[in-house]
Amino acid sequence: MLSRCRLLSRCIQAETWLESSQLYFRRFLSGGSPSSYSRDRSRRNPLDWSYNRSESEFNNDSSAFSTRSSKRTAPSTIKLNPSTIAPDIRKLIKSNAKNWAYLPHVLRRLQGFGIPRAHLPDLLSSFLADIREGMLFDETQLEKFDLGRFTFAPIDMYSAQRLDQILSQLFFTWASDPIKQRHLRTCVPQSTLETIAHLHRIADLSYPADLFPKARAMKRKFIMHVGPTNSGKTHMALRALAASSSGLYAGPLRLLAHEIWERLNRGQIVPLGMEPEPGSEPDTTINMDVADETGSRPTVRKDGHAKYARPCNLRTGEEFRIVVDNAPLMSSTVEMASFDKPLDVAVVDEIQMIADPERGSAWTNAVLGLPAREIHLCGEETAVPIIRDIMKNTGDELVVNRYERLTPLEIQESSLGGDLSQIQKGDCLVVFSRDGIFAVKAKIEERTGLRCAVAYGRLPPEIRSEQAALFNNPQSGYDVIVASDAVGMGLNLKIKRVVFETLDKFDGQERRPLSISQIKQIAGRAGRYGLHGQPGGFVTTLHKEDISTLCRALATPAPALSCAVFDPPGHWMEDISQVLPPKASTQALLEVPSYISGIRPPFRAAAQIRLGQLSQFLDMHVKDLLLSDKLLFKNCPIQWSDPVALDAIAQILRLYTNTIRVELDAVLSVAPFMNVLRNVEGMMPDRAKARVCKDALKHLEGLHKVLVLYLWLSFRNAMAFYEADKAYELKARVERVLEWCLRQVSSHGRSEVAGLTRSVDKLDYRHRRKVRVGGRDWVAGVAAAKTVVESIR
């Protein structure tokens, strides 16, 4: 009874008749029938917003599901007309249903959802019989099954997983139908049918927007700034943020969040509506895509001015920098954006990441949930159709501003023919593996005499930024940068020419060709405006066989995004866990959004990468912990395929389970991290052999990731992960050593780099808020709590 009451309290979002009417009106606009919302409310769970639809409410283009068509219609939230539903999807379901029904993993999943194994044969046989008898082609029943929610992106056309999801959702919709259940009672117990219907009802995610009541209570205006790389698309959004009474920047990288935090506090961004003062050059070091400015009155300035300074705090996954308590502005990573406080202006960067399988849900939550009067979305043109469709769900206003590239991008007529001696100053050679980056770097330095900086995903953002600074500084002696696709976002590089070593990459399972968007974004880094004597940039390939593919990709418009990825919030997962069997596995819980929820276009449930491995790991190490703890560790910023990361998280879970308080030294004992760090620090006064430093880099990169993980956890549970200050200090040491090692890896004999020193952050900040205790201010946290207790004694 108590759990039921808690469920009701979470579901009843609209507290006034006005909010309720707005809720119904939004659903009516997106295709629903208002009269059906109140139908049988006394007998239905408040989460069940399913309703019947008339045929006139269904409309769309049938070609969206055609496997023969190479063109795809823009994603839409509106439903398909029964008479125009693409026959291919129904034929696809019909032809594959029998094989699906007897796959071992399908039977395992249905049993994990609470359907007794003994009842599955009768249920599945009846389901298959109805499909054979034309259930999917009976237009009088189609409104029950709502096939319009089953969309196929081009990449899905040959995806067994997507077809598995569709058939599973269709099965639960079919088995939950009251009329069908009357027939099924003759062969399946009533208790099993109630279990299916209850889970289907509670798991309904037809309207994800309604999970964010504060945003739904506002009339929001969205302004999209879309264009290619180097088009200045974020310029006006940043100025609007600087002019706001309260605001938020939410970006994809902590490096970018830090950059905006620093520039707002220093007064380097002139607020919209204010005249820029003379006496400064444009800021050409900013990593954001800002407009070209010349003269002495730029609006994004190299030198700050107190007139434009705005107090801004910083919040990333592992760090909170407080300049002023309750500062009006906040700069954060998208995952750390807060939806609690109403805002004047919000800026969400790289909006095209809303379709990213791993991180896209953070962008979807931001679009649905940010309670801001004005929201600026910056990114690629490919995101516009998806955002338009989301606006149909939310009822918000949308304005789209389009930008053109500021400088031309020219494809060179020929490749380098595999000859690395043709690499020139200002080149960026793109290589998609860490070991390949160092191998190519050594060959370039040997054959050309040019010194190479490096940038790749495993390097900490701070070190990638330092390597970028080396490449950009003409006095540093670094003339070339060898980088992975990390170069495509968050680094301001003075690249004259981009050279692709290959146009495919290993994704953890197999080699896949780069997408058109990836090629365009990486190639677009060449020729950033104002960073070379002549405007424009060049792009080519290392090998002859890739040049034609590059030309076709750059000439082809990138396809519109197929979906907005959505990961349900924690309280939704808790509600689902109460419906599943008591001993249900973590995998069963995490599969509910994709296989039962009935989530509708343009949304799609997030598909957890390596779900089986992740679930087994969590069940092995945290089976006796609360669900909130499981979800916390599930969202840890680690690669679940990295053995070092798995050893570290396993050690953390052992300590957390046994002692609750997790000592940092005990976590680091899983690998010889500290020995390597001390050994390299001992070599730093002198020049070390490149091979020694290269071997040490892997250990140091792993150490840095473990420290970031510890800080990420301490931000969410400061009492358990209590040594955050120690982790911050150690992280800074590791970054200094990493930077030194990368300089030693060069084959040149120079022991020092001229003209470049690490920038010193002079902004005054704290990592924790101040709290008022006994008439005195204390910095919140474990250390402060100890001090307060001692003072009371």
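**Figure 1. Salt bridges across the predicted model.** This structure holds 34 salt bridges, each one a side-chain nitrogen of Lys or Arg within 4 Å of a carboxyl oxygen of Asp or Glu. Side chains of opposite charge can pair when their charged atoms come close. The model is predicted, so to speak of local features requires pLDDT of at least 70, side-chain atom pairs count only at pLDDT 80 or more, and totals for chains, interfaces and linings use all residues. Residues are numbered from 1 along each chain as its sequence is written, and side-chain values use heavy atoms, leaving out hydrogens and water.

**Figure 2. Arg220 joins Asp396 in a salt bridge.** Here the N to O distance is 2.8 Å. Arg220 sits in the loop between helix H10 (213-216) and strand S1 (221-226), and Asp396 in the loop between helix H14 (384-394) and strand S8 (397-402), so the pair ties together parts 176 residues apart in sequence. Helices (H or I, at least four residues) and strands (E, at least two) are DSSP runs, numbered from the N terminus. Arg220 is buried at 1% relative accessible area, and Asp396 is buried at 8%; buried means under 20%, exposed over 50%, and partly exposed in between (1.4 Å probe, protein chains only).

**Figure 3. Arg321 meets Glu319.** Their side chains form a salt bridge at 2.6 Å, N to O. Arg321 is buried, with 11% relative accessible area, and Glu319 is buried as well, with 13%.

**Figure 4. Lys392 pairs with Asp389 within helix H14.** The salt bridge spans 3.4 Å, N to O. These residues lie 3 apart in the helix, about one helical turn. Lys392 is partly exposed at 36%, whereas Asp389 is buried at 3%.
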